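Please read the following report with the sequence and the model open side by side. It moves from a pocket to a helix, then to a core and to paired rings.

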Amino acid sequence: MNLAETSWWLWLENSALSSAIRQWLWLYPMIETTHILGLAIVFGSVALFDFRLLGFSRHLLVTDMARYLLPWAYLSFAVVVLSGFLLFAVDATEIAANPAFRLKLLLLCTTGINAAFFHGVALKSVKFWNRGVKTPVVVRAIAIISLVLWTGVIICGRLIAYV
């Protein structure tokens, strides 16, 4: 880390927001619980959608599942980002240098690229594989990559405390 990064992390760690989180006995555990619950909803929504893309429950329309599950994934992802930022702010200098945290951020960015590719390219042909037929190989590959990446995000998040 360079001096500018370290200064920013120190400022954040010493901010009124971080101090408040550290001073209120139950605030940090509440934020952490919110983060974990939000992550469970994100991963659950994404996993259900990915399993459908892998060929499970072919009687269900992919478009219907997307319409129902993806808003939950987006909303809970926003909760996870906000709560994650608050958790990060409390100990920013140490967490920013943590290799598990850095890998978690890299994996999160990669999940975004994977999702953008799915929505921008693969989903355009959904009318041909929306129900009953085997999904294209590229769609199944995207689903597998998604499940692996999100599992990695969860593992890295847990490892932050131990690395």
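## Pocket, core and ring pairs

Helix α4 gives the most to the lining of the largest pocket, with 7 residues. The model is predicted, so local features are described where pLDDT is at least 70 and side-chain atom pairs where pLDDT is 80 or more, while totals for chains, interfaces and linings use all residues. Residues are numbered from 1 along each chain as its sequence is written, and side-chain values use heavy atoms, with hydrogens and water left out.

Helices here are DSSP runs (H or I, at least four residues), numbered from the N terminus. A pocket is an open set of points on a 1 Å grid over the protein atoms alone, where a 1.4 Å probe fits and protein lies on both sides within 12 Å along at least five of seven lines; its lining residues have an atom within 4 Å of a point. The largest pocket has a volume of about 760 Å³, a volume being the space filled by probe spheres set on the points. Its lining comprises 28 residues, of which H35, L87, K104, G157 and I160 are the closest to the centre. At least two lining residues come from each of α3, α4, α5 (92-96), α6 and α7.

Helix α3 has 27 residues and spans 39 Å from its first C-alpha to its last, close to the 39 Å expected at 1.5 Å a residue, where the expected span is 1.5 Å times one less than the number of residues. Just after α3, G55 takes a positive phi of about 115°. Within this helix (residues 27-53) sits V42, which is buried at a relative accessible area of 2%. Buried means under 20% relative accessible area, exposed over 50%, and partly exposed in between, with a 1.4 Å probe and protein chains only. Leaving aside neighbours within four places in sequence, V42 is in contact (heavy atoms within 4.5 Å) with A73, S76, F77, V80 and W150. V42 and A78 are 36 residues apart in sequence, yet their C-alpha atoms are 9.6 Å apart in space.

A nonpolar core is a set of buried Ala, Val, Leu, Ile, Met, Phe, Trp, Tyr and Cys residues joined through side-chain atoms within 4.5 Å. The largest one has 14 residues, and those with the most contacts inside it are F49, L53, V62, F118, A122, W129 and V139. Two or more residues of this core come from each of α3, α4 and α7 (137-159), and α4 gives the most, with 5 residues. Beyond its neighbours within four places in sequence, F118 is in contact with F49, L53, L123, W129, V139 and I142.

Rings of Phe, Tyr and Trp (its six-membered ring) pair if their centres lie within 6.5 Å; planes under 30 degrees apart count as stacked, over 60 as edge-to-face and the rest as tilted.

| Pair | Centre to centre | Angle between planes | Class |
|---|---|---|---|
| W8 and W9 | 4.8 Å | 80° | edge-to-face |
| F88 and F101 | 5.2 Å | 15° | stacked |

Since F88 lies in helix α4 (residues 62-90) and F101 in helix α6 (residues 99-120), their pair ties together parts that are 13 residues apart in sequence. Both F88 and F101 are buried, whereas W8 is partly exposed at 42% relative accessible area. Ring pairs link W8, W9, W11, F88 and F101 into a cluster.
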